[in-house]
2 protein chains.
Amino acid sequence: MSELIRQRAQGARQASQVLAISTEATRNAALDAIATALETRRDEILAANQKDIEAAEAMVEEGKLDAPLLKRLNLGGAKFAATVEMVHSVRAQLDPLGQTQSAIELDSGLDLYRVSVPIGVIGVIFESRPDALVQIACICLKSGNAVLLKGGREAAASNRILAQIIDAATAAIDGIPPGWLTLLETREDVGAILDLDHDIDLIIPRGGNEFVQYIMSHTNIPVMGHADGICHVYIDATADLDKAVRIAVDSKTQYVSVCNAAETLLVHQDIAAAFLDRALPALEKEKVELRGDGRTRSLAGNNGRVIAATQEDWSTEYLDYILSIKVVDNLEEAIAHINTYSSHHTDAIVSEDTNAAQQFLRSVDSASVLHNASTRFADGFRYGLGAEVGISTNRLHSRGPVGLEGLTIYKYILQGDGHTVADFEGDTPKTYTHRPLDKAWRSS
Amino acid sequence: MSELIRQRAQGARQASQVLAISTEATRNAALDAIATALETRRDEILAANQKDIEAAEAMVEEGKLDAPLLKRLNLGGAKFAATVEMVHSVRAQLDPLGQTQSAIELDSGLDLYRVSVPIGVIGVIFESRPDALVQIACICLKSGNAVLLKGGREAAASNRILAQIIDAATAAIDGIPPGWLTLLETREDVGAILDLDHDIDLIIPRGGNEFVQYIMSHTNIPVMGHADGICHVYIDATADLDKAVRIAVDSKTQYVSVCNAAETLLVHQDIAAAFLDRALPALEKEKVELRGDGRTRSLAGNNGRVIAATQEDWSTEYLDYILSIKVVDNLEEAIAHINTYSSHHTDAIVSEDTNAAQQFLRSVDSASVLHNASTRFADGFRYGLGAEVGISTNRLHSRGPVGLEGLTIYKYILQGDGHTVADFEGDTPKTYTHRPLDKAWRSS
């Protein structure tokens, strides 16, 4: 079995070399074909999806699956239209390939360009959402990468028809190589994918915390993503109370089950009484369970409104209507707390003091740092990246929300006219000009 | 022992958070202090280096070490001056930190910046060259990264004095945190470093092929570098013979023991007779051993000038005065050969046909692709990057020669005025402006 997967991965490598030199027009035509095919074969897709849903419903009744999975699994209604719209949105993005990132003359007639190219072969392992298959396939196609997809067992029928439709639609486009997209279906495939160091360049896991952590710790292939999102909002001494309450409530409650929702509120001692007096009722109105340190509970009146937070709360991602609250002595304590407990995903300060804000933004070591804005903004669409591959807490390659650019790397292209290094060494060496050039490769 | 190393790595993490927000002036002052201290304490350094050299000489005599190591070990003469000059050169580079890479307005008063920051903690494992310690320490310092260094046993005395001098010189600079540089000395330390997934963000190995391959296959930490450099020069049908011979000779012989030297020459069948007629004598003059396929040997006269190449030759990095030669039917065969056997480091085409050159540059999947220029140009200094961390054949983060920018990543900084995501959703949602901004963070 794993030999078959290796063959498919090697097929993906060959396809990636063709895709890497495909034109933007070819890749866009293939995306158009996918959008059309999805619309045309809507009924088939929804019928397959219905099978998955019915099987899952039976398992939920037997207590073998959690109910929220059913919502993620369902491709019908607005989800279907949004999926097709997403294909158009990916197509509309600026071509991420062939972009000249820098150009410099090394010597007369010797010009160096750094030009964006695809990474190569991407392995994507995702849990129950079948729309993720379409999204990732389209992002890989637009960015010229071949892709091996492994979906969740619960979405097997949906994934199979979607992969077939995408494969058939793109096979009809001249210049799109066979094998650029492969769906792997058996459970053993995950392990086989994670072992393919030489054939897969990047793994993108899409799913919950434990799932992503499992992937990250079981492969030598680079993994792009984040395991958890323990995000903080810090209310500084000089915060505007209106803004502070609005941002705290939005960060916590606008959508609780996502990685950029806030889990911990830190409050400067000087503003704690005034802030909590307004923030606690606002949070209670949204039915948020509150867990506080001693000072928070004391200010709240110690009447059971705020449960005692334990040490574990500071490192817990609730993904629920629960918020931990801690009163801190000063900005430095807030920064130290965040740099200790944050998952380095997204952290915000609310402050009217520009210097304090700058210190926070510089010192907090997270992918997104925000001043007077909700943590919920940390998202590829809101950041203007168009399509989003995911959000990365890596410290290499891509950090924060990742768009198409995150699936590219670059090559150096040097255009000479018979130049040799020997001429720049020895007794009467030429010297490098290292003059910046204002031109793009290909237009030269 | 490994617990001690973990503590030092955690100390490095703390130091990295201070270094990350240090000013350019502070980091430059520290680099000045290093250059001055190296000059001042030259005699001590060379005395320690002499000890290493004498011990190594004894081992070479006993056959326990290879003689070329002695040259790499020696810090005296021009090497010392070049090392100090390198410190000045790193200092002179543009600050890699705090650069605004993009700026976009999301809404009125809500501005998003992408700003360069250090990676964090770098682990560097290097073989015998002690000047590598100085170079890497300075590059890490300039780019705001803390560093754990592990040098070769042969250079132990040299490394110890160099690390002490750098540590003492920078400790005197206000704003440089203690623990930003740590030298690890025992043999067991390598394994301990490779295990520190959570404390080290990036490993840079500096040494030979087997050494780098060992590092790459024994750690879950991202590794930046290249194991080998099997570089090709392809002589196309329309090549100018003068340029072709010069580039072939320079690529092979200008410095044979480095990763960007050519190992294989591919020659289009239509030009093979004319090219080999001129190239073989030129290569023989440089005492290059020639290994060819059947057609090459036949054209060479089959008189023993060209040894028969075996399959193994196409995937061998000689790092010596040896060159394999193959006659190919056409450009496509050359590209396919290179994409199969190249280490994706550096490959060149010599051609007067612009279309053929463009096809080669686009299709050859290597970090550097060159047209009518020697493979020996693929180097950070020649590419105008100033200081060079190394050359990467990775397909993520950095590819090809890596300068200071390769030791940075970015964070997103969002500056708002009380903005919440709820305002952009619901019944009468605001829409994102996503308007590019022409300003840098901090100057705003």
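1. Confidence. The coordinates are a prediction, with an ipTM of 0.94 and a pTM of 0.94. For chain A the mean pLDDT is 94, and 99% of the residues reach at least 70.

2. Domains of chain A. Two domains are assigned in chain A: domain 1 covers residues 2–217 and domain 2 covers residues 231–377. Between the C-alpha centres of domain 1 and domain 2 of chain A the distance is 37 Å.

3. Contact between the chains. On the side of chain B, 59 residues are in contact with 60 residues of chain A. Elements of chain B that give two or more residues to this side include strand 1 (100–107), strand 2 (110–118), helix 10 (241–253) and helix 14 (354–363). Strand 13 (368–373) and strand 16 (408–419) of chain B are also among them. Strand 16 of chain B supplies the largest share, 11 residues. Sorted by class, the side of chain B that touches chain A holds 25 nonpolar, 20 polar and 14 charged residues.

4. An open sheet of 11 strands has the order 17(A)-1(A)-2(A)-16(A)-13(B)-12(B)-7(B)-8(B)-11(B)-9(B)-10(B), with mixed pairing. Strand 17 (435–436) of chain A and strand 10 (306–308) of chain B stand at the edges; each has a single partner strand, so one side of each lacks a neighbour in the sheet.

5. Strand 9 (residues 289–292) of chain B runs parallel to strand 10 of chain B, and three bridges join them. Opposite B:Gly292 stands B:Ala308, in strand 10 of chain B.

6. A four-stranded sheet in chain B. Four strands of chain B form an open sheet in the order 5-4-3-6, with parallel pairing. Strand 5 (181–184) and strand 6 (202–206) of chain B are the edge strands, each pairing on one side only. From one strand to the next, the twist averages 20°.

7. Strand 3 (residues 121–126) and strand 4 (residues 146–150) of chain B run parallel, joined by five bridges. B:Ile125 has B:Lys150 of strand 4 of chain B as its bridge partner. Helix 6 (residues 131–142) of chain B lies across strand 3, strand 4, strand 5 and strand 6 of chain B, at about 165° to strand 4 of chain B.

8. B:Leu46. This residue belongs to helix 3 (residues 42–61) of chain B. B:Leu46 counts as partly exposed because it has 17 C-beta neighbours inside 10 Å, whereas a buried residue would need 20 or more and an exposed one 12 or fewer. Leaving aside residues up to four places away in sequence, B:Leu46 touches B:Leu75 and B:Gly76. B:Gln17 is 29 residues from B:Leu46 along the chain, and their C-alpha atoms are separated by 34 Å.

Technical notes. Residues numbered from 1 in each chain as written. Chains lettered and ligands numbered in written order. Predicted model: local features only at pLDDT ≥ 70, side-chain atom pairs only at ≥ 80, totals over all residues. pLDDT = per-residue confidence, 0-100. Domains from an automatic or database assignment. Contact = placed C-beta atoms within 7 Å. Nonpolar A, V, L, I, M, F, W, Y, C, P; charged D, E, K, R; others polar. Pairing = 2+ DSSP bridges. Axes fitted to C-alpha atoms, helices over the stretch in contact; angles between N-to-C directions.
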